[in-house]
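Dear colleague,

I am passing on the structure we discussed, with the sequence and coordinates shown below. My notes on what was found in it follow directly after.

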Amino acid sequence: MNKKIVSGFAIAAAATLALGAVATAPANAAGKKEVTLAFQGPLTGPDAQLGQDQFPGAQWAIELYNATNPKTKVKLIKADSQCDGTVAANIAPGVAANKAVIGVIGTSCSGEARNSFPAYRAGGLTMVAPSASAVSLTDPKAPDRGFPIFHRVVAHDGFQAPALVRYATKGVTGPKIYLVDDQTTYGAGLIKYAMAPAKKLGVVGTDSVPRGTADWTSVASKVKSAGANVVIYGGYTVEAAKFFKALRDGGYTGILAAGDGVNTSDFPELAGKAAEGVRLTAADVPFENLLTKDELASFTKVTGVKVPGLYSTTAYNAARVFLTCIEQGKLTRSAIQLCVNSSTFKGAGGSSIKFNRYGDIIGGADVGGYLVKNGKIGYDAIA
Amino acid sequence: MNFSVVTSQFWSLALQGLALGLIYSLVSLGYTMVYGVLRLINFANSEVFMLGTFTVVWIEIHFLNHPVASEPLTGIELIYTLVIALVGSMIACAVLAVLVEIVAYRRLRSRGASRLASLISAIGVSIFLMESMRMYTESRPQTAPRLLEKWSFGEIAGANFRIDTMLAIVAPIIIFVILDRFVTKSRLGKAIRAVSMSEENAKLMGIDINRVISMTFLIGGLTTGAAAFLYTTVYENTVFNVGFNMGIAAFTAAVLGGIGNLRGAFYGGLALGMLEQFASAILGSQWKAVTVFVVLVLVLLFKPSGLFGEAVQQTRT
């Protein structure tokens, strides 16, 4: 390389460093600091609604905190991993390399979480997930567990799956259950934990269909030939919409049910008429039930979202976990990690949050049953 | 293993396999026609298909004003909506296919570039189109309105003769008959076959090679556009990477049937559709792709040129 160019680079680099120092200096001088939290989840892509429903919860928590004019302001950045493990593996190193980031609110999907672990573990970056619910993420024996950086403020699928089976078969005499998963960390895990309680009631068949499948008619034929009257799907919205459409078009009249991966506000639109009466679960209570009128108005003002989406509550709680630690003056990654692991936090509606050694909340949580009615998903009952 | 599904749902699976297979065949024509004249795989064809599906959705929702939640249409309105969507998709795909030829193939060919260069440039076009659509749609899937009420003609031996299934079976067969006649009988068809047999000799006979190649892309685009219409009508959704799976399937169908060969594409698509349906019913959907490729490898081991590779050499296009 030309010597002149090299020295040119050196000057440019030095200038950048100097400018950087200048830029941060006034902030320090005024005694005001800023730290960054990253929200990681699907913000674009087929499952974008999942992350788009959650982000406002975290955004609102942080705006409220910043509005109190604290010593350390918090900036929220977005990391979009599209509910896709491969994308997550590509972007996580970038988030970990950003020294300003001291914590990750995320991820939404379990596959994203699993593939982000290596980068965050190496960077000592703590995660608090609003909805990554696969059991293996906190299973001490699983090779893909997220110990010690991973935490989640949502009940895992070991709780959700039996509740899903209960809710799906509610009011059905002689249930004949057909279980289908989408081969993802989340979907396959959910169905795995649904299997035992479902077997007690009667399983007539299973299938495992990769994401991206367009033609679901053969699966629909199988469901029909098995004489099932309850179909439970473990997967995400887009595939569920195709599957449920194919089932209804094929003349299936029984019950359709799925877990929180399908419980997104765009599901009724994607599935059209087939969405009617679909039973969904989520380890979440609607955020608006926990907020006062004024709080809801503030939420709408800050985020522009009228009705909080699914897992706004847990996203808010995840943000609160970090904010509580920041309030206590924990501003480095290692201090945050220690704080998250050992403190007790207060979540929305006054709930108490404390993590066990492997990152699950101690005590678990109720799983809610949701029903699609007139093109809208509505909270129905505790599942 | 679940054989009971075959005894109780055999005709249902066969009918659905037929519909799926014929959609595959239409797309595989886009590969096989181009391979016939250029001896190259047109990797951009999958993206031509993808843009076709978006064209159909765009026409239905924005051009003809049927939002996603609109009620199914009936009578004349249904017919002209479907016809406009079909013709629009075919035209869009044909124009795009010809553009692909001009951008990715013709210039390189006239400069005497190596054949592999145009293979790579076609892959480049394919990535460009897919990524553009990904950014434009933010990778979100797009739902098509249900304009065609899925009523059934009736059920025979468990097979449900639903209108969309029948459409996906009848339309491709008509297109194949027309295309087969065109290639064997018409002047241009003969020119295409001549170029396919020997480019040098065709040139000596005074055939305008560039025109023939453009027309081949155009025909491939037309059939791919028809496939995009049928896909969107039957499955009612699309996404930026819809072409990827479809492209792999159609390419597999073309190779299975004997690439470069019209009837090969037809039967290859059918075989693939049936295989997928029965494999996923008997072995489980997780074994579908495995079964398809095991069968492909076995066929190629015993008949390296594909099922119809040699038998109909003369009808090569």
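In this predicted model, buried residues account for 55% of the 317 residues of chain B. The secondary structure of chain B consists of 11 helices and four strands, and of the contacts in chain B with a separation of 6 or more, 78% are between residues 24 or more positions apart.

One helix pair in chain B may interest you. The axes of α1(B), residues 4-38, and α9(B), residues 242-257, come within 8 Å and cross at roughly 75°, and because angles from 65 to 115 degrees count as roughly perpendicular, the two helices are described in that way. On the side of α1(B), the residues that meet α9(B) include B:Ile23, B:Tyr24, B:Val27 and B:Tyr31, while among their counterparts in α9(B) are B:Met246, B:Ala250, B:Phe251 and B:Ala254. By class, this contact has 10 nonpolar and three polar residues, with no charged residues.

A:His151 is buried, with a relative accessible area of 1%, and a polar atom of its side chain lies 3.0 Å from the backbone oxygen of A:Ile149. Leaving aside residues up to four places away in sequence, A:His151 touches A:Thr126, A:Met127, A:Val128, A:Ala129, A:Val340, A:Asn341, A:Phe355 and A:Gly359.

Conventions:
Residues numbered from 1 in each chain as written. Chains lettered and ligands numbered in written order. Predicted model: local features only at pLDDT ≥ 70, side-chain atom pairs only at ≥ 80, totals over all residues. Heavy atoms only, no water. Buried < 20%, exposed > 50% of the residue type's maximum accessible area, 1.4 Å probe, protein only. Polar contact = N/O pair within 3.5 Å; in protein donor to acceptor, adjacent residues only side chain to side chain. Contact = heavy atoms within 4.5 Å. Axes fitted to C-alpha atoms, helices over the stretch in contact; angles between N-to-C directions. Parallel < 35°, antiparallel > 145°, perpendicular 65-115°, else oblique. Nonpolar A, V, L, I, M, F, W, Y, C, P; charged D, E, K, R; others polar.
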